[in-house]
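Please look through the sequence and the model shown here before reading on. The paragraphs after it are meant for someone who has not seen this structure before.

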Amino acid sequence: MKTILSGNEAIARGAYEAGCLVACAYPGTPSTEILENTIQYKEIDSSWAPNEKVALEVAIGASFGGGRALCTMKHVGVNVAADPLFTLSYTGVRGGLVLVAADDPEMHSSQNEQDSRNYAKFAKVPMLEPADSQECKEFTRLAFELSEKYDTPFMLRSSTRISHGKSVVELGERATGLAIPKLDKNPAKLVMLPGNARVRHPLVEQNLINLSKAAVSMPFNRIEIRDTSIGIITAGICYQYVREVLSNASTLKLGMVNPLPYDLIREFAAKVDKLYVIEELDPFIEDQVKAMGINVIGKEIISICGELTPGRLRAAFGLPKPAVAPTEKMPGRPPNMCPGCPHRGVFFALNQLKAYVTGDIGCYTLGFMPPLSAMDTCVCMGASIGMATGVTKVVSDEEKKKVVAVIGDSTFLHTGVNGLMDMVYNNSPATVIILDNSITAMTGRQDNPASGFTLMDKPTNAIDIPLLCKALGVKYVRVVNPLDLEETKRVIAEEMDRPEPSVVITNKPCVLIKRDDVFQKGPVYAVAEDKCSGCRACLKIGCPAIEWRPAEDGSKKGKAYIDSLLCTGCDVCRQLCKFDAIGSVGSVK
Amino acid sequence: MSNSITNILLVGVGGQGILLASEILSEAAMLAGFDVKKSEIHGMSQRGGSVVSHVRYGTEVFSPIVPEGEGDILFGFELMETFRSLPLLKPHGTVVANDLKISPPSVLMGQESYPSGLSEKIKREFDDFLLLDGQKLASDAGNVKTANTVLLGAVSKRLNISEEFWMNALEKMVPAKALEVNKKAFRLGREL
């Protein structure tokens, strides 16, 4: 049967067809939808882990128990999971294990554009790279089989365009006859102490050599001879752009990018006059081809930065640019916190308090944007708390009071807890604000260990975040309603002033949570035109439901207007109006 | 159409239902026997940012994104986003757009104005420009929420996919309780 699937849907399908039993992940764009799709296959136990390291460890355990296991993450998630990954290559697997790393060239939704292929080489793990959804499905299934055959984890590299692109896929059946998982003690293989690891390491090196040789005849690495004046080595989405723009060029399409099939590269290089490597991000293939002593053109014409597009490839080869309609500068349309978002009031208060805010990864990173403009640093998941501690180590006592870390509930549980442990242990005077909106919002509302539900939508224990903070030794833990501006500002100011570690936790849910009993929309608000003085105070929170409308006579006077379709009745704007011009519809006129 | 590939761009603002419309379009093209690819960016764009969805179909499609200047049809859900994406269209391409303005943050805050005269500028560049009042047409169809479907109907008339495949795609992608009104809205758009 043929159907249209995204790359992520196809990877989930591939895992199903491969007989995968366990899938584990922490959400991260562009990888999130893989686990949101494995849940449709009841044979797969799918779960969210608190972070990528735990996710990989769960998958490793499932593999050691004898079952096939999938673990997925975005590129930066591999940094978190790197510790187990680098030793997993030594132990190898029992059940096949596939780690999907989804890269984000162009940083559509990421803080850097690291190239995961380097991890495959660094960690000595073979890596496949699909070029469309059909290959996503095929390569996932194949990766499981090869993982067991070569006794090694396999990585599958995706990218935003592959994961979120859709194309036609022919579905297959689920594999049968796989070994039934059962405990099997094999400490010489699975206990990586020096004595055992010294035995395993040479096997890993030999494995990579064997795979490089075997890959020459594996069908996913293929030479396509067309015009031989130009030969292009490429893989993944770049292959599609090459076929689109340079349709006559000969290609060596690599399905496996680590280890490279050296003999096949030599064979291809000998068949063409001029050799290119077309790849996004780092010169990963190019450097290795050059190290083989083969003359090749790559990053001289294709940027290391950003994603490749057909237009950029066309420009790289000096092909004419098509005539296009003239354009002109227009107002941008950046993303924004939703109407009624409970983060808004916190950032408004932090702005007013002139805090130095160490930030973290989530929707609330948008607190950086004007008019809230209340975030000063953002580096990686969980970093806010450690950074706040570090800043207070070097600045004056007066400036120490300005330092506030903000972190979401999911990010706090991901890697923020350790930062708070350190803050208490080493007695930092900074303040931590945990923006608990009961969900992992940025990636599309995934449950987490504090939300009370599993990925399979089963009720479960919800971590009590205030109690957890107290258990870590924080003496001052205060819970505030972030929709009450005065209270929020007062509590944050008091805790900023305190020369000891303290935590403020906000307690309003994300407005997008689907469960009926979580987010409750209030009465919709409106502006009483006769009372509105046009002072613009309500615009300072940057709510998308509030619009400034200039006066019809063209004078500078104007009035605020609330879009009743967007308003959630959060009441924050009413608290900013000194003229009582804002209230629920019916209460104002 | 270059290389017998049809290139369609669906543009607008996060939350407008662009992804569903592009899914219906892709499904219809697949049912009609074409190879189909589609690409868009999720993530940050969900928070009210600009969204561009690319749909390409034909005998064999390679790139999932439409090469700049090769778009056949620009399907605009919002006026400023329609204008912003004009450079993706080929000369003499087709524009089907909803006459709807959604203010971005800088306009909401009164720092910039929503650009004026956009539809006139589009008309000057592209002869085949259909500007529709999607909301009004949708309420004529019986439900104001079907504006996207009316517009999709108008786009469908310009594509080589027969009506039965569109209906099959709607049946697959639209929830049963909203199916009839969406079919009606689609036919209304198709007759424009």
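Predicted model: local features only at pLDDT ≥ 70, side-chain atom pairs only at ≥ 80, totals over all residues.

Residues are numbered from 1 along each chain as its sequence is written, and chains are lettered from A and ligands numbered from 1 in the order in which they are written.

Chain A is divided into domain 1 (2-177 + 186-214), domain 2 (222-316), domain 3 (343-506) and domain 4 (525-584), with bounds that come from an automatic or database domain assignment. Between the centres of domain 1 of chain A and domain 4 of chain A, taken over C-alpha atoms, the separation is 50 Å.

An open sheet of chain A is built from seven strands in the order β3-β2-β4-β5-β7-β6-β12, with mixed pairing. Its edge strands are β3 and β12 of chain A, each of which pairs on one side only. Here strands (E, at least two residues) and helices (H or I, at least four residues) are DSSP runs numbered from the N terminus, and two strands pair if DSSP finds at least two bridges between them.

To get from β2(A) to β3(A), the chain passes through helix α2 (residues 33-38) of chain A in a right-handed β-α-β crossover; right-handed is the term used if, with the strands pointing away from the viewer, the path from the first strand over the helix to the second runs clockwise. Strand β4 (residues 69-74) of chain A also pairs with β2(A) in the parallel sense, over four bridges, and there the bridge partner of A:Val22 is A:Ala69. Six bridges then connect β4(A) with strand β5 (residues 97-103) of chain A, again in parallel, and A:Leu70 has A:Val98 as its bridge partner in β5(A).

In a regular strand the side chains alternate between the two faces of the sheet. A residue is buried if 20 or more other C-beta atoms, placed from the backbone, lie within 10 Å of its own, exposed if 12 or fewer do, and partly exposed in between.

Helix α10 (residues 236-245) of chain A is mostly covered as well, with ten of its ten residues buried; among them are A:Tyr239, A:Arg243 and A:Glu244. The elements that cover these buried residues include β7, α7 (160-164), β10 (227-235) and α13 (310-316) of chain A.

Most residues other than glycine have a negative phi, and most peptide bonds are trans. A cis bond, with omega about 10 degrees, joins A:Thr29 and A:Pro30, and A:Pro30 is found in the loop between β2 and α2 of chain A. Another cis bond leads from A:Asn258 to A:Pro259, with omega near -10 degrees. A:Asp151 has a positive phi near 50 degrees and, because 17 other C-beta atoms lie within 10 Å, is partly exposed. A:Asp457 has a positive phi of about 70 degrees, and this residue counts as exposed because it has 9 C-beta neighbours inside 10 Å.

Conventions: Contact = placed C-beta atoms within 7 Å.
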